[in-house]
Amino acid sequence: MRILLVASAFNSLTQRVFAELRDHGHRPAVHLATDDDALREAVHRHDPELILAPMLKVAVPEDVWSARTTLIVHPGPLGDRGPSSLDWAILEGAERWGVTVLQANGVMDGGDVWAHVDCPLPPVGKSELYRGEVSDAASRAVLLAVERFRSLGRPPAPGAPTARASRPGASRPGAPRPGAPRPFRPRPQQGPDWDVADHTRPLLRQQERRIDWSADSTAAVLRTLRAADSQPGVPDELLGARWYLHGGHGEDELRGTPGELLATRAGAVCRATLDGAVWLPELRARRDTRRDPELDARGGAGVKLPATLALGELLPELPEAAAPLQLPEGRRTWTDLDYREVGPVGFLRFSFPGGAMSTTHCRRLLAAYREACTRPTSVLVLGGGRDFFSNGIHLNVIEAAADPALESWANINAMDDLVAEILTTTDRLVVAALGGNAAAGGAMLALAADEVWCRAGVLLNPHYRLMGLHGSEYWTYTLPRRVGPAVAKRLTEQALPITAVSAQRLGLVDRTVPAAPREFGPTVARLAALLAARPLLQERIAAKKAERERDEAAKPLAAYRRAELAVMRRTFLDPAAPYHALRAAFVRKEAVRGTPAHLPG
C-alpha cells in the first residue's frame, strides 16, 4: 500500500516503522510535520491509501483525518491519553505498559482503536525503553493495524457516509459471505462495548520533575531521572549553576550528605541521596530563560556532555572511583565498560550514553579490548547490551571543544585505532552483538568483527552522508567485503535505515536474534557458548588469519585508512564544509524546517 508517514521527526521509532513497512512490501513516504498547509500539500501529492503517525507532537488537521483514515501511534495502554504517557508510567513505577494504534478524530488520543500490544517496563531509562520494549510493541501494533486496514480495502474516514445497498435485500459492497469470518472493525472508545477506564494525564512539566536531594530516596531519584533521561532532562542546581541532568544509575557503596558530590568515574559524577547515591553520566547547561520562559518549559537548548566535562572548572577535587574491568559478583554500581568470562568465551560489554564514543571512550575501550585479548578465550563478544551499540564519534564533545576540527581529528583516529585492533585480531573469533541500534561509524565498528549478531528489533544506519562526512573506520574495506561494491554504494548514498532482517539478507549481518531486549544478553551468551564448542573452531580461526594475510598483501589496511582520513581531514579543516553546520544543528536539536530530500516521497 501507499502509506504516508507523518511525524515530528525521523526518530528511531519513525525509522523503524518506515523500515518495517518496506520489509513487508509497502511503499511508505515520509513527511515531517512543520505546518498544516505543508501537510495538506503532501497528502495531495502522495495520495496515500493510509496516513500513519508514529511520533507526532501536533494535531492532524480535521480536513485531513476526516477525508483519509489517519492512524496515530500512542505509547500507552488502552484508555491512556496525554502527551507524557511514558514519562508518567516510569515516574509512577509501572511494571507493564503498551502501545495503542488509534484513529485520529476530534478528541486527542480518543479515536477508534485499531490495534494494541502490551509490553513490560523494566527499570531502565525512557529512551532505552522507547527504543526497546516500546519500539517492539509499536512495530507489532502498527503492522497489525496496517494489515487490518488492508483487509478492509479502504474503509471510510470518520464522518464519511456508510455505503448503502442499491435495492432492498442487496448485500453491501465488501460484506462478508454467509459463514465467513466477520471482518475487523476498529473498536470505539465509548459505548457499551468499551469497558476500559479513561486515564487522561497532562503534560509532565519541568517543575514536576525536580529532585529534593534532602528528602528523596534513591529509588525516587532514579525514577525521576529515568523518566527524563534523554529529553527533556531533570532541572537542577549544582555547584552554583543551573543544569539539566540526563540519566541516572544506582550506587551500592558510596555514601554522603544528601546532595553532595562524592566521586567521579569515567566522566560521570556520583551524588549522595537520602539513603544512598546515584551516578549522573551527563549534564546540560541551562540557558538564561528570562527572555524566553517557554525555553525553560521545553527543557532548554544547551549541549549535553559528560558530567565532568560539562562542570569543567566548577568541579571540586574528587576521588576517581574507577571500577575494575571485572566487577566483583554482586556489585550494583554503574560502569560503561565491563568484562566477564564463561569458559572459552569472553564478554566485553560497553554502553556509552546515546551510543556516542568520544576520543576518551575509544581509548578506554581499546585498552579494555587489548586486556580481554590477553585472556585464554577462543570467542570474544563485543557489546551484548540492550541499548545502542554505537553511533560513532561523539558530536556533542566535538561541538563543545575549543577546536572542533582538532577534536574531530583526534576522535576519528581513536575510532580507527580501535577498529584496526579488532580487524587484526587473528587468534580468536570476535562477535559484535548488537542489542540496540547502530549508525555511521558505530555500524562500521561492528563490521570489523568476524560475525555480527543483531537483536531482531535493531535498526542499522550504515552511512555518513547526512552529517556531511565521507567516513572512516575502514568501511571502504569492510562494507564492500560483506555486501559487494554496488550494495555498499547504495547503502551509503541512499542513507536510509534498514532492519536487522534486511541487513541479514544483504550479508551485512550474520545472525538475527528474535529476543526481547532484556533476553538478548543471555541468548547471546548461549549462542556464543555453542560457537566456542564447535569442533572446527580452531580451523576457522586459522582460516581467518590466512585470509587477513592475503588481504593485507593485496592492499594493506593502512592504505584504506590513509585514503579515508585524507578526505576526512579536508572536511574537518574546511570551515565552510557542511559538516560543521550539520553537526551544530544535530547537537543543538534545531527545529526541523522540512522533510529532508533523501527521504522517499
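Q: What is the strand order in the open sheet of 6 strands?
A: In this predicted model, the order is β2-β1-β3-β4-β6-β7, and the pairing is mixed.

Q: Which strands are at the edges?
A: The edge strands are β2, residues 27-32, and β7, residues 113-120; each of them pairs on one side only.

Q: And what does the twist average from one strand to the next?
A: The average is 20 degrees.

Q: Which helices pack on the sheet?
A: Helix α2, residues 36-46, packs there and touches β1 (2-7), β2 and β3 (50-53). The direction of α2 makes about 165 degrees with that of β1. Helix α6, residues 133-151, also packs on the sheet, with β1, β3, β4, β6 and β7 as the strands it touches. The direction of α6 makes about 155 degrees with that of β7.

Q: Back to the strands: in which sense do β4 and β6 pair, parallel or antiparallel?
A: Strand β4 (residues 70-74) and strand β6 (residues 96-103) are antiparallel, paired over 4 bridges.

Q: Which residue in β6 stands opposite Leu-71?
A: That residue is Gln-103.

Q: Changing topic, how many disulfides are found in the whole structure?
A: The search finds 0.

Q: Is Cys-362 buried or exposed?
A: Cys-362 counts as buried because its relative accessibility is 0%.

Q: What about Cys-270, buried or exposed?
A: Cys-270 has 0% relative accessibility, so it counts as buried.

Conventions: Residues are numbered from 1 along each chain as its sequence is written. This is a predicted model: local features need pLDDT of at least 70, side-chain atom pairs count only at pLDDT 80 or more; totals for chains, interfaces and linings use all residues. Side-chain values use heavy atoms; hydrogens and water are left out. Two strands pair if DSSP finds at least two bridges between them. Helices (H or I, at least four residues) and strands (E, at least two) are DSSP runs, numbered from the N terminus. Axes are lines fitted to C-alpha atoms, for helices over the stretch in contact, and angles run from 0 to 180 degrees between N-to-C directions. Contact means heavy atoms within 4.5 Å. A disulfide is a pair of cysteine sulfur atoms within 2.5 Å. Buried means under 20% relative accessible area, exposed over 50%, partly exposed in between (1.4 Å probe, protein chains only).
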